[in-house]
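I opened a new notebook page for this structure. My plan is to look up how its parts pack and which residues stand out.

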Amino acid sequence: MTAAASHDGPTPGRGRFDSPREIRAALLPEEMPAFDAAYQRALREASETLSLETLQSTLTNWRRIARMTQADPAAHRRMLQQAERTRRTGQPPEGAVEWEQLRAELGV
């Protein structure tokens, strides 16, 4: 068996979204450009520094986003829309609670 052939089948112990291709495919279309840009930056840094730390961190972050997206795509899209509204207007979401109020309610 060649080295290339040994990578064709599933690998035991590997989970979903193990490759950048799988991560990207799980994202909402509106998130794909941000993934592409982050992935390309991480690849450039890896080639310049000869370190995979940033690339691994980038993929870990986007893997988490892919999992959230797949768990409930509609809720994830609503969260993105609300975050964009907040970024654009500077206004917190309706019903949002200030940090100090939340801490007081939780007794911390």
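**Entry 1: two helices side by side**

Helix α2 covers residues 32-49 and helix α3 residues 53-71. They pack at an angle of about 160 degrees, and their axes are 8 Å apart. Axes here are lines fitted to C-alpha atoms, for helices over the stretch in contact, with angles from 0 to 180 degrees between N-to-C directions. I noted the crossing of α2 over α3 as left-handed, that is, the near helix is turned anticlockwise from the far one by less than a right angle, clockwise being right-handed.

Next I listed who makes the contact (heavy atoms within 4.5 Å). From α2 come Ala 34, Phe 35, Ala 38, Tyr 39, Ala 42, Leu 43 and Glu 45. From α3 come Thr 54, Leu 55, Thr 58, Leu 59 and Trp 62. I sorted the residues of this contact into 9 nonpolar, 2 polar and 1 charged. In that sorting Ala, Val, Leu, Ile, Met, Phe, Trp, Tyr, Cys and Pro are nonpolar, Asp, Glu, Lys and Arg are charged, and the others, Gly among them, are polar.

**Entry 2: ground rules and overview**

I noted that this is a predicted model, with local features needing pLDDT of at least 70, side-chain atom pairs counting only at pLDDT 80 or more, and totals for chains, interfaces and linings using all residues. Residues are numbered from 1 along each chain as its sequence is written, and side-chain values use heavy atoms, leaving out hydrogens and water.

I found 5 helices and 0 strands in the protein. Both are DSSP runs numbered from the N terminus: helices are H or I with at least four residues, strands E with at least two. Of the 108 residues, 19% count as buried. Buried means under 20% relative accessible area, exposed over 50%, and partly exposed in between (1.4 Å probe, protein chains only). Among contacts with a separation of 6 or more, 59% join residues 24 or more positions apart.

**Entry 3: aromatic rings**

How many aromatic pairs does the count come to? I get 2. Rings of Phe, Tyr and Trp (its six-membered ring) pair if their centres lie within 6.5 Å; planes under 30 degrees apart are stacked, over 60 edge-to-face, the rest tilted. Phe 35 and Tyr 39 are stacked, at 5.7 Å centre to centre with 10 degrees between the planes. The two are 4 residues apart in helix α2, so about one helical turn separates them. Phe 35 is buried, at 2% relative accessible area.

Phe 35 also pairs with Trp 62, edge-to-face, at 5.6 Å centre to centre and 85 degrees between the planes. Phe 35 lies in α2 and Trp 62 in α3, so this pair ties together parts 27 residues apart in sequence. Trp 62 is buried too. I logged Phe 35, Tyr 39 and Trp 62 as one aromatic cluster.

I then checked Arg 24, in helix α1. At 32% relative accessibility Arg 24 is partly exposed. Beyond its neighbours within four places in sequence, Arg 24 is in contact with Met 32, Phe 35 and Asp 36.

Leaving aside neighbours within four places, His 76 is in contact with Leu 28, Glu 31, Ile 65, Met 68 and Thr 69. Gln 82 also lies in α4. Gln 82 is partly exposed, at 22%.

Helix α5 (residues 99-106) has 0 of its 8 residues buried, so it lies largely in the open. Just after α5, Gly 107 takes a positive phi of about 75 degrees.

Most residues other than glycine have a negative phi. Phe 17 has a positive phi, near 65 degrees. Phe 17 sits in the segment before α1 (20-26) and is buried at 6%. Leu 50 has a positive phi of about 60 degrees. Leu 50 is in the loop between α2 and α3 and is exposed at 79%.
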